[in-house]
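Notebook open. I want to go through this one piece by piece and jot down what I look up.

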Amino acid sequence: MDPQSGGATSPVIVARADHPISRSHISGNALKVLYRLKDAGYQGFLVGGCVRDLLIGIEPKDFDVATDASPEEMRRLFRNCRLIGRRFRLAHVRFGPQIIEVATFRAAGAPMAPEPDLDGITAEDAESDADESGGARLDEHGDIDGNVAAPEEDESFDRAHDERGRLLRDNVYGTIDQDVWRRDFTCNALYYSIQDFSIWDYVGGVEDVRARTIRLIGDPETRYREDPVRMLRAVRFEAKLGFEIHESARAPFATLAELLTHIPPARLLDEFQKLFLAGFGRRAFDLLREHGLFEPLFPATAAYLAEEPDGMALALIHAGLADTDRRVAEGRAVTPMFLFAVLLFGPVSAAAQRRFDAGVPPPVAIGEAVDEVIGQQNRRIGIPKRFSFPMRELLTLQPRFHRREGRRVLGFLGHPRFRAAYDFLLLRAHAGAENPAIARWWTEFLALSPEQQRERVGTDGGPGGDEPGPRRRRRRRRGGRRHAPPPAET
Ligand code: ATP
Ligand code: MG
């Protein structure tokens, strides 16, 4: 078979009696879309991750539909439908908070993630473009629609690939037997038909799902070159589903990992969030390192981890990711900024240490160190300011936990970033990067009543509070931070 040519073999059709997917497990809204398509004489299939997840008995994150109806036909069929994307259009059918994404079959040469060159676009841009205002956007799948003037207009590129083999074009509608070959893994290329509830399998996906194997469709190296993010996707599915990456899909990592350094930072931010904020971050981290795919994402951290004598930064990362996974499992809020602090802590403390050694006062040294490390990191994963600012704050606040007397301690409690900084202190203590007695002191202190807290810290620390006015005056008078020792971890 030659998936690149869109060469259609015919599918193996797995009848309803021979697979476990029941309509009772499918979102009612997705069923509505499928039935409406069918009644209007179109083909309608569930496709992608939802079919895979239903086959292994887990609840799909979202339900995606593929059809032979064109986007314009979709709009005529559904009043609650919006078309998004410019060059390649997708239909979003909205039911209250739920969106069912409906894609018209795409022909060969039209990749899922055409990867236009967004190098000039910041993560914030990508984020704000995620609304439907056109321009480059990350779709529901984190795929990037080919809506940006990409370098294929340049005559030095061939029609559909750039010089590294990345696919650039994505503008041709097709049939299901063309659509299938552009998908990444066999387990992601199964189609569930609403016609007779059968599964259409062109690529041996049902067998691979049963065997819990992640295998690329077509030649692995070619498929990774077309879209290097597929390497990260393989690891994501390995971490999330507990599948094993087939040897043939693993082998190219060593030589192709480097291609990830050419992916637009905004797209890597999106992929980062899917890897680390979805409840399996700790496993994803270990697997990325095992496969040599962590280094292109976090080069400074990878270098630090390779050298560190005491395993402190690694312990901190493991603890931070495990904590985040637990929060996700409990349905609590999680933020990338905390994970960036955790993941970049090693290189930040090294950069801060150089400044401590040169006599730079701790908060200044840490602030500068954060800026230096973020500056480098942004070339790989773009960290929007709404994450990097609070992260900087969280790290520069760490030395303040060493001060345990005086009214300014009470002022610190009211700092908007206190809670995150305290959580981070606990992690550092847990990982051996801070004196555990300090973390214990704060934990006990927080359990006290306001009166007891006032008694505990005394009032000898000066005119207290965190109001900027008095504090700044006092600082100038004292000529600095006599009581703020450098962080213990550095
Ligand atoms: P999840 O459960 O995390 O949503 P998923 O398999 O649904 O996993 P999505 O990112 O939602 O993954 O993408 C939906 C489908 O689109 C995939 O199953 C796959 O068929 C196709 N796809 C997405 N991204 C790519 C890509 N980069 N290359 C090829 N196919 C892709
Ligand atoms: Mg999905």
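Helices here are DSSP runs of H or I with at least four residues, strands are E runs of at least two, and both are numbered from the N terminus. The axes of α16 (residues 362–377) and α17 (residues 385–396) come within 9 Å and cross at roughly 145 degrees. Axes are lines fitted to C-alpha atoms, for helices over the stretch in contact, with angles from 0 to 180 degrees between N-to-C directions.

Next I listed who touches whom, taking contact as heavy atoms within 4.5 Å. From α16 the contact takes in Pro 363, Ile 366, Gly 367, Glu 368, Val 370, Asp 371 and Ile 374, and from α17 Ser 388, Met 391, Arg 392, Leu 395 and Thr 396. I sorted these residues into six nonpolar, three polar and three charged. Nonpolar covers Ala, Val, Leu, Ile, Met, Phe, Trp, Tyr, Cys and Pro, charged covers Asp, Glu, Lys and Arg, and the others, Gly among them, are polar.

A note on ground rules: this is a predicted model, where local features need pLDDT of at least 70 and side-chain atom pairs pLDDT 80 or more, while totals for chains, interfaces and linings use all residues. Residues are numbered from 1 along each chain as its sequence is written, chains are lettered from A and ligands numbered from 1 in the order written, and side-chain values use heavy atoms, leaving out hydrogens and water.

Then the sheet. I read an open, mixed sheet of eight strands in the order β1-β8-β7-β2-β3-β6-β5-β4, with β1 (12–14) and β4 (81–84) as the edge strands. Strands pair if DSSP finds at least two bridges between them. The twist averages 30 degrees from one strand to the next.

I zoomed in on β3 (residues 64–67): Asp 64 and Ala 66 point one way, Val 65 and Thr 67 the other, and all are buried (under 20% relative accessible area with a 1.4 Å probe, protein chains only; over 50% is exposed, in between partly exposed). β3 pairs antiparallel with β2 (residues 44–47) over four bridges, and Phe 45 stands opposite Ala 66. With β6 (residues 98–104), β3 pairs in the parallel sense over four bridges; Thr 67 has Thr 104 as its bridge partner.

Last, the whole chain: I get 22 helices and 10 strands, and 55% of the 490 residues are buried.
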